[in-house]
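Have a look at the structure first, then read on.

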Amino acid sequence: MVSFRRNKNKEAKEEKKDVKTPSKEEKKNTPPTKPPTLDDIPELIEVMLNEKGEKSAAATKKIYELCDVGHKQNRVPMVCSGKYDVLTPLAKCLTQESGDGRHLACLALNNLSIPTENKRVMALGPASKDVIGGLCKVIAEDKQESYLCCICLMNLSFLEASITNILQHSPVEDGKEPIAPLDNPDSLLLVLEKLLTNSPAVPKSGSGKSEGVRWACGLIKNLAKSEENAALIGKTQIPKCVVGNIRATTAPPSRWTSNSLEDFSLFVVLNLAQWPVSNDALMKAQAVNVIKPIMEEGDLQGLKATMASAFLLAEWDDFPEGGAPAAKAVTELMTNIVEKKGKDGQYAYGVFKLYTATKAYRDLALAAAKGDGSEGESNTKVLAVPSSIALCLQIISDLVLSAMDAAEGGSKYVPDAMSAEYCVRAVHAMLPAILQSGEQPRKSIQSEKACGEIGNMLSTYAAISGTSEEAKDHASQAAQKIKDASGTARPVLEIAHDLWSQYRKREGQPLDQFISQERGIEVDESGPLDFLPCASSDSSCAIL
């Protein structure tokens, strides 16, 4: 074995000879390299605002170091304490031609955008115009930091209250009239459209361009969650681009990782598909044909493709295996959302909204009913299992109870009005399957009770102020049909009613809330007994 110890020592000694010891004067002019603290921020801000080049970049670097992964505890105080305004100088640094300062500002803004408390200040506060505008400008100029700016905006867009303000950013010169985002080439909406339309059909993985497109799709995924934003996005080429991303991929859906281009693109399709104002653009892009094969996947991607296909009015025959996997996946999602939990390895609680899941269930029910015809039930019975019906009744009745001031008890999860309306429409569509009488028709006290109580609950829902006319009609029709079916045993409805009653009992809700109180009034020759002080004139009761 050859030893290099001696030669290395010799080289080390020679290197030491070449090192010049700093003079006392040089030591005096060299500032100490101590780690920055929060107390240094005012001085650093002064440098960032008034200096350029290396001095500004050095100050920006120290701001970044104050909020890096090792100093997470500083992030909220830096933005929310009211002591410092770090956002304005960081936004100013985004406009620098110097790559170092701009890059460091992007890194700092990304870290600061992570805490929930900071998102509101950064996206809706006094500096929001500068922050969003600076990030948008870097993306528009196609700088190498574009992907970092998309990530930062995506972080901010997890605050749903901010998504309208972010997407509709449309800068104009001071004193000029506002310009609508669709008419302003400098708006974030059209900047994102340009980024996607100008990217290669299959951008090289890991390149700056591919990362920019990927994180832009992640940002659009969040921004498309509101109907107002979806209406704007639907008027651009973005829907066509995201469908193209899915069409162009060579990786099977089972290999798509979380936050991949394909994962983000399918999420965009799902979020746009649920809004009528934007799903026309997806239909024109033939989205159903592209995502239909993905439904066969029994994972998150399959769930997303199933719900998007339902929103895009896919035929019942388009859903694999007679619709059974679709029914199971969407019902499970509804249950998990109501119970405030996710699904291991697929999605966390909060990723999907209840109105998205219930709307998908409604559209599956409508597709199944259309396939069955006016009197059939072979398709709808796949969806109309007792546990699913009970869940729909639970969502509707929780809204009814929350709307009734006099009702005691309540739900831990009070659904939105849209979710209840979608459940009403689903129940209405599945009535032939729900009201099956079984092989041998028979009388059943339990079915009579179930029909009466569920019918009353739907009638009460129809009378709630603010319910849409369409929902009132479907609820009233369903209530009448269910009440009319009380003369015969209805096994499916019976079990669903029992599950619904068990839920209400666990929640401490009143079990007699929807039981009919109509009872006969006994009378004698003196009139209604309820209004007499005594049951008979021979009693010893005294009238006071």
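Buried here means under 20% relative accessible area, exposed means over 50%, and partly exposed is in between (1.4 Å probe, protein chains only). This is a predicted model, where local features need pLDDT of at least 70, side-chain atom pairs count only at pLDDT 80 or more, and totals for chains, interfaces and linings use all residues. Residues are numbered from 1 along each chain as its sequence is written, and side-chain values use heavy atoms, with hydrogens and water left out.

**Cysteines**
- With a disulfide taken as a pair of cysteine sulfur atoms within 2.5 Å, the count is zero.
- C217 is buried at 0% relative accessible area, and its sulfur is too far for a bond with the closest cysteine sulfur, 8.1 Å away in C241.
- C149 is also buried, at 0%; its closest cysteine sulfur is in C106, and at 3.7 Å that's too far for a bond.

**Aromatic cluster**
- Rings of Phe, Tyr and Trp (its six-membered ring) pair if their centres lie within 6.5 Å; planes under 30 degrees apart are stacked, over 60 edge-to-face, and the rest tilted.
- The whole structure has six such pairs, among them the tilted F267 and F352, 5.8 Å centre to centre with 35 degrees between the planes.
- F352 also pairs edge-to-face with Y347, at 5.5 Å and 85 degrees.
- F267, Y347 and F352 make up one cluster, with F267 buried at 9%, F352 at 6% and Y347 at 8%.

**Charges over F267**
- A charge sits over a ring if NZ of Lys or CZ of Arg is within 6 Å of the ring centre and within 35 degrees of the ring normal.
- K304 has its charged end over the F267 ring, 3.9 Å from the centre.
- K221 lies over the face of F267 too, at 5.4 Å from the ring centre.
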